[in-house]
Every structure is written in structure tokens, then in C-alpha cells.
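Subject: Structure handover and notes

Dear colleague,

Please find the structure below, followed by my notes on what was found in it. I have set out the cut-offs as each term comes up.

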Amino acid sequence: MVRKKNIALVLSSGGARGLAHIGAIEELTSQGFVIRSVSGSSIGALIGGLYAMGKLDVYTQWVKTLDKQAVWGLMDFSLTSKGLLKGERVFDNMKTFIPDINIEDMGIPFTALASDIIRKKEVPFTSGSFYNAIRASIAIPTLFTPMEYGDSFLVDGGVLNPLPFEYVQRKPGDLLVGVNLNSFVEPVEEKIIQPLKKNNTRYQKITSDFSQLFDIFSRLNQSKNPRSLGYFSLIRSATSAMVSQIAALSIEKHKPDILIEIPKDAASTFDFYKAEELIAFGREKTRQAIEKQFNSLIVR
């Protein structure tokens, strides 16, 4: 076990794959690493902020209860052309058990990154409402409506910077650790296995229609085969490729001491009902990264 190694943690964007961030944090802390600051884009900002405010365990307990029907119920469809979802219902739900606080009042320094789509610049949030910052940071273009910001609009931080190393408040001696959910590493032959359905005929009958509808919606947001669903899927595929490339360039530039890579096809955008599997996957990938990279740091 590593003893008292301080780290500055950077968490990337990546939809439901971000639940692997929880596993990464659990493994890092269980091995004795001390997270002294965190920054993140999109789902990375959400998980990082929850950790910084000391509420990640509460969120983890909640997200593990979600099935397809529950995830579907958290979707509030927009009637505008700015995005498919408003993205307000899930946060209204979370506020019932995780009250909003100001970022500057968190236990450790935290930065959430959003993108100003009009001025084409990064917008870091280091103060003010946690939920406002996260709502801006997770606004995936075409999926979530952008957040109004003065005379501009904010969208997902991952559009301009999916792995925001520049914004973590790293102190002297801190190891730089990054978790990349958009990795080009070997593909997962089979996406993270869906949790077993309850062996209850009535339960399966009630949820079957929701499950089919959810699967149709989820396929619209996958980018594996851009020709299969036309214009929308093509945009998602292009965006995914762009984000993966930007993340790779950021890793090359900043050279984190420990890099935890989650394959970009490990799960789809809305696979939040696979929490148990994704968290365990994150722990395993983190364990492997520590074994691979931390030993070489000790030798230096």
C-alpha cells in the first residue's frame, strides 16, 4: 500500500462512463492517496465536485438504485430546438438529498469547466453554486439545452477541454493523476454487462415497455455506427472522435504521473443503470494503472 501520497486529480468528460470515476476515487483513497484538489469536465465535474463537498458516498448509494426505468424518469425532454433534454429534473431530484453549496465552501479546491460556445473559450467555475456550475459543464451539445450565461451560452466543458489539467490547483509535491474516459486503448469486446433483472415475471412485464423505449433512445446517442441513424448519430460520432483526440493531446502535453484510462466504448452516454459494474471497472483500471506507473515513480 502507498502511504500518504498527495495527488491533484483531474476527471474527464464521458457520460455514464463517469461512474468509473467513483471507482477510481475509491481505489486511490483505499491505497493511501490523499486527494488535495480536483478539476473536471462534464461528468468529471459532477463526480469531482461531489467528492470535494464530501457527498460522493451519498450520490453513490443513490445511483446504484437506478434501473432503466428510473433513468428514463429523470429525463425531461425539451420542446425547443436547442437540445433534446432540459437537464433540470435530475438535479432537482439530487437536491432533495444533496443540498447545493458554493464551490468556495468545499473541503478541497475544486474547478468545474464549461465551454462558452459563442466566444469559443473555456469557462472555469471556482466559486458560486455547485449545481449551476455542473449544469453548465454537462450540457452536451444536441443532447442538453445550453445554459444561458450573460449574453452567451455555456455547453459541456469537454467540447473544448475534456481533461482539464490546467485548472486543478496542484500544490508542490502533489502527483498529477488523470482519469480519461475517452481512451483509444483496446476496445471493450462487450459493453459493461447490464445488472441482472429481477427474477420476477410481473416486474419484467411492467418494465419491458420502458426498457424498449429507453434502448431506442440510447441507440440514438451511440456513435459506434454513424451511418446507422443518420444525421444525429453522425454528429455524435464526430464529437466523440474530436473529444478523444483533444484528450490524447492534453495527456501528451501535461504528462500526468498516473493515468487511468477507460475505453471510450465501455458504456453509452445514459448507461447510469450500470453503476455497480462501472464503479468496479473503474477500481480495476485504477489498480492496474497504479501497479503499472507508480512503481516507476518510486525508483526515480
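Helices (H or I, at least four residues) and strands (E, at least two) are DSSP runs, numbered from the N terminus. This is a predicted model, in which local features need pLDDT of at least 70 and side-chain atom pairs count only at pLDDT 80 or more, while totals for chains, interfaces and linings use all residues. Residues are numbered from 1 along each chain as its sequence is written, and side-chain values use heavy atoms, with hydrogens and water left out.

The protein has nine helices and ten strands, and 52% of its 300 residues count as buried (buried means under 20% relative accessible area, exposed over 50%, and partly exposed in between, with a 1.4 Å probe and protein chains only). Taking contact to mean heavy atoms within 4.5 Å, residues 24 or more positions apart account for 77% of the contacts with a separation of 6 or more.

Leucine 175 is in strand 9 (residues 175–183) and counts as buried, at 12% relative accessibility. Leucine 175 lies 10.0 Å from arginine 36, C-alpha to C-alpha, although 139 residues separate the two in sequence.

Serine 37 has its place in strand 2 (residues 33–41) and is buried, with a relative accessible area of 0%. Its side chain reaches the backbone oxygen of glutamine 169 at 3.0 Å, which can be read against the definition of a polar contact: a pair of N or O atoms within 3.5 Å, where within protein one must be able to donate a hydrogen and the other to accept it, and residues adjacent in sequence count only if both atoms are side-chain atoms. Leaving aside neighbours within four places in sequence, the contacts of serine 37 include Ile7, Leu9, Ile108, Val168 and Arg170.

As for the interior, a nonpolar core is a set of buried Ala, Val, Leu, Ile, Met, Phe, Trp, Tyr and Cys residues joined through side-chain atoms within 4.5 Å. The largest such core has 71 residues, and those with the most contacts inside it are Tyr59 and Phe110. A second, separate core of eight residues includes Val10, Leu163, Phe165 and Ile251. Beyond its neighbours within four places in sequence, phenylalanine 110 is in contact with residues including Ala45, Gly49, Phe130 and Ile134.

Helix 6 (residues 130–137) is mostly covered, with seven of its eight residues buried, among them Phe130, Ile134 and Ser137. At the start of helix 6, a side-chain oxygen of serine 129 comes to within 3.3 Å of the backbone nitrogen of tyrosine 131.

How do helix 2 and helix 6 lie relative to each other, and at what angle do their axes cross? The axes of helix 2 (residues 43–52) and helix 6 come within 9 Å and cross at roughly 160 degrees, where axes are lines fitted to C-alpha atoms, for helices over the stretch in contact, and angles run from 0 to 180 degrees between N-to-C directions. The two helices are therefore roughly antiparallel. Ala45, Leu46, Gly49 and Leu50 in helix 2 meet Phe130, Ile134 and Ser137 in helix 6.

Finally, lysine 120, in the loop between strand 4 (110–116) and strand 5 (121–125), has a positive phi near 55 degrees without being a glycine, and counts as exposed at 67% relative accessibility.

With best wishes

Note on methods: Angles under 35 degrees count as roughly parallel, over 145 as roughly antiparallel, 65 to 115 as roughly perpendicular and the rest as oblique.
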